[in-house]
Amino acid sequence: MIFETHAHYDDEKFDEDRVELLSHLLRENGIEKLVNVGASFEGCKNSLALAEEYENVYAAVGIHPEEIDEIDDEVLDWMRKTASHPKVVAIGEIGLDYYWVKDEAQRAKQREWFNRQMDLALEVELPVIIHSRDAAEDTLNTIKMYNNRHLKGIVHCYSYSKEIALEYVKMGWYIGVGGVVTFKNAKKLVETVEAIPLESIVLETDCPYMAPVPHRGERNSSIYLTLVAEKIAEIKGVSLEEVERITYENALNIYNKSKRN
Ligand code: NI
């Protein structure tokens, strides 16, 4: 039984078979629950619609750093209202992406809205899903600040060093591991999985992207998560069942902590 913590089934790459996947195919392949993560405003609304339609689908709402020009006070207000929906389990994906954005003013804008969405998560008492690329230091500093105020979350598609991962683990945050761990050049992520406890890992695809080997480059779906879990089992020297069971509990822990009474 697998808990898929990060998918984008609203993507047009699923137009042909979204209904089959979400209504029965995923379940038949051991994917028990999944969180569809919003990145754009449109994506947030579509995630919510999927969560309302399918019992085993939950939604996260947030504006991705690359889509930050879409966000304003009105969008933030919509997120605030939507956060109380029973199937909304997190604010995300939010964060910093300096890989594509070199302009300092735009980076400052990312930081401003990252903080404002973190403030919102605190206010509505939901965990966060963090996207962070080429922004290790700024992300860690921000998260430390909010961690002190008892905000928790997942660092999704983790791409930094094992040393930084251990800092997140120490704070009780979760590390999202997906298809990249099966790539030949995944040395850094393999070292991270080796270094951190299984109790701090959640399974995620980021589908339709990041398909694991031997499907690298193809459209990804949660069905391939077994390949990710197998690789983690190999790295940690434990059974596949143990990886599935513990990561499932981890996902329940973080997403259920969502509503602190
Ligand atoms: Ni994503």
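1. Start with the charge over a ring: Arg216 sits over the face of Phe183, 3.6 Å from the ring centre. Arg133 does likewise over Tyr99, at 3.5 Å from the ring centre. To count, CZ of Arg (or NZ of Lys) must be within 6 Å of the ring centre and within 35 degrees of the ring normal.

2. A word on the source: this is a predicted model, where local features need pLDDT of at least 70, side-chain atom pairs count only at pLDDT 80 or more, and totals for chains, interfaces and linings use all residues. Residues are numbered from 1 along each chain as its sequence is written, and side-chain values use heavy atoms, with hydrogens and water left out.

3. Now the nickel ion: its protein donors are His6 (NE2), His8 (NE2), Glu93 (OE) and Asp206 (OD), 2.1 to 2.2 Å away. Donors here are N, O and S atoms within 2.8 Å of the metal (3.2 Å for Na, K and Ca); water is not among the atoms, so the site may look incomplete. Along the chain, the spacing reads H-x1-H-x84-E-x112-D.

4. On to helix H6 (residues 162-170), where Ile164, Ala165, Tyr168 and Val169 are buried. Down the axis of H6, these fall within an arc of 150°, so they line one face of the helix; the arc is taken from the directions from the helix axis to the C-beta atoms. Helices (H or I, at least four residues) are DSSP runs, as are strands (E, at least two), numbered from the N terminus. After H6 comes Gly172, with a positive phi near 85°.

How values were computed: Buried < 20%, exposed > 50% of the residue type's maximum accessible area, 1.4 Å probe, protein only.
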